[in-house]
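Visitor: Hi! I have a protein model open and I'd like to talk it through with someone. Could you walk me around?

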Amino acid sequence: MKRAVLGLALMALTLLGAGTSTAEDFTITTLAGYKGGAGFRIAGSVGNFAQGFPLAIELGITHIRLDPGRATDVRKIFINDATNGTPDKSGWIWGFHLDFLFPVRWLGLQNAQFYLGVRRSLFTGEFIYIGGNEDFEITSNQWGAGAGLRSTFPMGRLLGLTLSAGLDYYPNAVLTGHDTTYGPDGDNVNDREGYTFTDADNAVNQPKIQPMFMVGLSFRF
């Protein structure tokens with residue numbers, strides 16, 4: 001995750017350094033809402049960074065809390081058939097996006113943008129079996145793609161209310177936890193007899209198709 005954050009930061013600095021001299025080219029947006037779970041997003045966008053180029057580029061990071069999966073099935077598929085202990089679980093995703101933003105006019109919206117770009121998702125599901133002496137994490141790392149529409153309603157010269165709705169797609173990825181790995185191609189490590197990637201994928205809520213609805217503020221500099 002640290003490498004992904006560093007990469008986004010370096011890309012942002014490169015874009016900012018290449019921007020035009022007008023202060024209006026850079027926007028910071030903070031959003032909160034739903035994206036497969038409750039979460040928040042912070043992003044920076046740069047426009048007019050190349051002469052005659054009509055699009056803006058946005059880089060951002062999203063954090064989501066969500067249900068990581070079915071604890072009873074996870075234990076059987078990744079560890080053993082024991083049933084002792086009271087299950088407790090939590091899950092989260094760190095997501096990163098790089099989008100191109102296209103200005104559009106839709107339903108009479110004056111400041112709407114269609115966005116399209118790539119996604120990186122770092123999923124973690126933590127499963128604890130209280131009294132059963134088990135505490136482990138299941139992880140997956142996925143590349144994906146996403147698109148959507150957002151609109152900003154001015155609340156002053158530099159501040160706006162932003163609404164955003166979109167949809168992200170992530171192909172199946174390797175699931176790893178407790179020294180066990182299940183791969184979509186059947187390349188498993190220390191897998192439990194009788195279980196496949198399909199079983200693991202059905203038990204764990206790594207992202208697949210994620211709708212997103214968020215609202216927040218945009219600050220222009």
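**Salt bridges and beyond**

Guide: Happy to! Let's start with a salt bridge: the side chains of arginine 119 and aspartate 99 meet in one, at 2.7 Å from N to O. Arginine 119 sits in strand E5 and aspartate 99 in strand E4, so this pair ties together parts that are 20 residues apart in sequence. Keep in mind that this is a predicted model.

Visitor: Are arginine 119 and aspartate 99 buried or exposed?

Guide: Arginine 119 counts as buried, at 2% relative accessibility. Aspartate 99 is buried too, with a relative accessible area of 2%.

Visitor: Why would two such side chains pair up?

Guide: Side chains of opposite charge can pair when their charged atoms come close.

Visitor: How many salt bridges does the structure hold?

Guide: There are eight salt bridges in the structure. One of them joins arginine 150 and glutamate 58, with the closest N and O atoms 2.7 Å apart. Arginine 150 belongs to strand E6 and glutamate 58 to strand E3 (residues 56-66), so here the linked parts are 92 residues apart in sequence. Arginine 150 is buried, with a relative accessible area of 7%, and glutamate 58 is buried at 5%.

Visitor: What about aspartate 201, which residue does it bridge to?

Guide: Aspartate 201 forms a salt bridge with lysine 208, and the closest N and O atoms are 3.1 Å apart. Aspartate 201 is buried, with a relative accessible area of 9%, whereas lysine 208 is partly exposed at 31%. There is also a network: salt bridges with shared partners join Lys35, Asp99, Arg119 and Asp168.

Visitor: Okay, zooming out. How many helices and strands are in the chain?

Guide: The chain has three helices and 10 strands. Along the sequence they follow the pattern α-β-β-β-α-β-β-β-β-β-β-α-β.

Visitor: And how much of the chain counts as buried?

Guide: Of its 221 residues, 40% count as buried. Among contacts between residues at least 6 apart in sequence, 68% join residues at least 24 apart.

Visitor: Which strands does E10 pair with?

Guide: Strand E1 (residues 26-34) is joined to strand E10 (residues 209-220) by eight bridges, and the two run antiparallel. In that pairing, isoleucine 28 stands opposite phenylalanine 219. Strand E7 (residues 159-169) also pairs with E10 in the antiparallel sense, over 11 bridges. There, threonine 162 stands opposite glycine 216 in E10.

Visitor: Tell me about threonine 162. Buried or exposed?

Guide: Threonine 162, in strand E7, is buried, with a relative accessible area of 0%. Its side chain makes a polar contact of 2.9 Å with the side chain of threonine 152. Leaving aside neighbours within four places in sequence, the residues in contact with threonine 162 include Thr29, Leu31, Arg150 and Ser218.

Visitor: What about leucine 163, how exposed is that one?

Guide: Leucine 163 lies in strand E7 as well, but it is partly exposed, with a relative accessible area of 39%.

Visitor: Which residues make the nonpolar surface patch?

Guide: Leucine 163 is one of them; the others are Phe153, Met155, Leu161, Val215, Leu217, Phe219 and Phe221, and the patch is about 660 Å². E10 gives the largest share, three residues, while E7 and E10 each supply at least two.

Visitor: New topic: which residues of helix H2 are buried?

Guide: In helix H2 (residues 71-78), the buried residues are Ala71, Val74, Arg75, Ile77 and Phe78. Among the elements that cover them are strand E4 (86-104), E5, E6 and H3.

Visitor: Where is glycine 47?

Guide: Glycine 47 is in strand E2 (residues 38-47), and it is buried with a relative accessible area of 13%.

Visitor: Last one! Which residue has a phi near 60 degrees?

Guide: That's asparagine 133, with a positive value in a residue other than glycine. Asparagine 133 is in the loop between strand E5 (112-130) and strand E6 (134-154), and it is exposed, with a relative accessible area of 74%. Asparagine 190 also has a positive phi, near 55 degrees, and is exposed at 54%.

Notes:
Residues are numbered from 1 along each chain as its sequence is written. This is a predicted model: local features need pLDDT of at least 70, side-chain atom pairs count only at pLDDT 80 or more; totals for chains, interfaces and linings use all residues. Side-chain values use heavy atoms; hydrogens and water are left out. Helices (H or I, at least four residues) and strands (E, at least two) are DSSP runs, numbered from the N terminus. Buried means under 20% relative accessible area, exposed over 50%, partly exposed in between (1.4 Å probe, protein chains only). Two strands pair if DSSP finds at least two bridges between them. Patches are made of residues with over 30% relative accessible area and no salt bridge: like charges are joined within 9 Å, nonpolar side chains (Val, Leu, Ile, Met, Phe, Trp, Tyr) within 5 Å. Accessible areas come from the Shrake-Rupley method with a 1.4 Å probe; for residues, only the protein chains shown count as cover. A salt bridge is a side-chain nitrogen of Lys or Arg within 4 Å of a carboxyl oxygen of Asp or Glu. Contact means heavy atoms within 4.5 Å. A polar contact is a pair of N or O atoms within 3.5 Å; within protein, one must be able to donate a hydrogen and the other to accept it, and residues adjacent in sequence count only if both atoms are side-chain atoms.
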